[in-house]
Amino acid sequence: NRYATARILVGLLGDKAPGGVILLSDVRQGNPDFRNIMKVLNAQVMETSDNKFNGEKKLTRYEFANFIMRVLDFLQAEPISIRSQPKVVTGDKEKKPVIDKIVNRWQLTDGYSDWSGIVSRYEALEITARAAIILNPELKARLGDVNRNNSNITIPIPTPIPVPTSIPTPIAIPTPIAPIPTPIAVPTPIAPIPTPIISVPTPVNPIPTPIIAMPTPIAPVPSGVVPTPVVTNPTPPVSGKNSDILKNNLTVKGFYSNYTETISDYFPVKSEPVRSFKDTLGVSGAVDVSYWLKDFDNPWLKESGILAGASFLGEYPYPTPKTATAKPENIMSEVFRIYAGAVYKLYKTSDTEIAAGLDVYFRSTDRAPAKATVNSYWKVSKTYIGLGAKAIGAYKVSNELKVEAQLGVHYVMQNFNEKINYGSKVEEIASLDRFDIDLAVDGKYDLYKIDNFMIYGAGGIWARVLMSEGSQNIIGFGAGLGTTY
């Protein structure tokens, strides 16, 4: 994405990257890439749109190669070689002049049949490596040729300046009068490049090795090949920017749910004749929101997220004490359930993320019509307060599809808002100590992108099991739409 590209470009710019602050509506100073973004914008190698940097936006092959080429132009670099037999380039008519420079003048790539496709990490690495060799040809001796997918063309290095081995310093290099033996004649087949060449100033480009300054998580350079000062400030295993898996989401869904409840034999109300009941809650709705604090510079905050939501679970007729069947005019409503929690990312790979933390919820049930006398456990309005642990995980099946799951375990206080009058005896129950398990599994498929917002379809199942002093199960399935933001 554009965040990662800005880091790569600053690595290539080295100490030539200009400073300055540009105000953007979507990048705050606490953003870990703030300085990189300011440098590439001041160098005019990247641009903004509607005063936004749009760092999460994925780049096409054309866009990425064009940004790399702008760096070479900004540094006034000279190509090591230009193709003697230019390749035929494809692409839009307006883009062909730029593509021709990318392919034939700078040889950053051998070209693509589809320049509008999203650039892969391998393609980005290849283009960046070729640019790095142009900026510092000495890298060729250490890294070797950059592999080319469709051609045997190699990038030649300019002939090294021949220097007699007896010269004490590069400044005292005399103008050769007689032919001086080339490195081929040196009787050292293991190292054909003479050592003094390393200390000779390189007139091609005085810029320091850019890959050393490039903090690129996309393709780290092996430490055994190139010295990497990045080791002095290593990235924690779970730190970094928000990935494409767990993102800021807003989802609205509809559910069709079933409800089952059973009163335990140890339940304090012995006078209750109806011990179990099940019915459907019908169609209900839910809204879920997630927000990840990725823009904060603090390593703990930037990997943390806030989860919240509300659901309206529907209604069902409650049973009468005599027959355990329901009268249509007696309705028990699952009024609402709201929850909020905070989680921290514990595990991250390119296709999987897992976060865990704490959450709390409040749930309320009520009846209609209201009555002064309640003669059954099933007619008592109740509230549930749950506090416990929450885990959320996501797996990226493809660029468009991911599977997301949430699991919660809570201690629950079930409170009774009214007394129960069975005619001869009034039962008063303050509360019950219970615990529950929440589980939700959703598939989310990207449908359409509008600016920085991705519209996706969501569908899955959810279940809530309340245990101790009887059981209460609510299980449903549903679908809806959502958006990233």
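A cavity is a set of points, on a 1 Å grid over the protein atoms alone, where a 1.4 Å probe fits but cannot get out. Grid points are joined across faces, edges and corners, and a volume is the space filled by probe spheres set on the points. This is a predicted model, in which local features need pLDDT of at least 70 and side-chain atom pairs count only at pLDDT 80 or more, while totals for chains, interfaces and linings use all residues. Residues are numbered from 1 along each chain as its sequence is written, and side-chain values use heavy atoms, with hydrogens and water left out.

**Overall make-up**

- The protein chain holds seven helices and 13 strands, taken as DSSP runs numbered from the N terminus (helices H or I, at least four residues; strands E, at least two).
- Of the 485 residues in the protein chain, 43% are buried; buried means under 20% relative accessible area, exposed over 50% and partly exposed in between (1.4 Å probe, protein chains only).
- Among contacts with a separation of 6 or more, 68% join residues 24 or more positions apart, where contact means heavy atoms within 4.5 Å.

**Cavities**

- The model has four cavities of 30 Å³ or more.
- The largest cavity contains about 490 Å³ of space.
- Its lining has 33 residues, and Lys253, Asp288, Tyr339, Gln406 and Ala440 lie nearest the centre; lining residues have an atom within 4 Å of a point.
- Strands S1 (249-262), S2 (276-292), S3 (304-312), S5 (326-348), S8 (401-416), S11 (431-450) and S12 (453-467) each give two or more residues to this lining, and S2 gives the most, with seven.
- By class, the lining of the largest cavity has 16 nonpolar, eight polar and nine charged residues; Ala, Val, Leu, Ile, Met, Phe, Trp, Tyr, Cys and Pro count as nonpolar, Asp, Glu, Lys and Arg as charged, and the others, Gly among them, as polar.
- The second largest cavity contains about 60 Å³ of space.
- Residues lining the second largest cavity include Tyr259, Glu261, Met332, Arg363, Trp378 and Gln472.
- At least two residues of that lining come from each of S1, S5, strand S6 (352-368) and strand S7 (382-396).
- The lining of the second largest cavity divides into five nonpolar, two polar and four charged residues.

**Nonpolar cores**

- A nonpolar core is a set of buried Ala, Val, Leu, Ile, Met, Phe, Trp, Tyr and Cys residues joined through side-chain atoms within 4.5 Å.
- The largest core has 48 residues, and Met46, Phe53, Ile68 and Leu108 have the most contacts inside it.
- Helices H1 (2-13), H2 (34-42), H3 (61-74), H4 (96-105) and H5 each give two or more residues to this core, with the largest share, eight residues, coming from H3.
- Another core, of 22 residues, lies apart from the largest one and includes Ile263, Leu281, Tyr377 and Leu432.

- Glu126 lies in helix H5 (residues 121-135) and counts as buried because its relative accessible area is 4%.
- The side chains of Glu126 and Arg130 make a polar contact at 2.6 Å, that is, a pair of N or O atoms within 3.5 Å; within protein, one must be able to donate a hydrogen and the other to accept it, and residues adjacent in sequence count only if both atoms are side-chain atoms.
- Beyond its neighbours within four places in sequence, Leu108 has contacts that include Ile68, Glu126 and Arg130.

**The loop between S12 and S13**

- Ser468 lies in the loop between S12 and strand S13 (471-484), and its phi is positive, about 80 degrees, although it is not a glycine.
- Glu469 lies in the loop between S12 and S13, with a positive phi of about 55 degrees although it is not a glycine.
- Ser468 is partly exposed at 31% relative accessibility, and Glu469 is partly exposed at 30%.

Methods: 1 Å grid on protein atoms, 1.4 Å probe; cavity = no way out; pocket = protein on both sides within 12 Å on 5 of 7 lines; lining within 4 Å.
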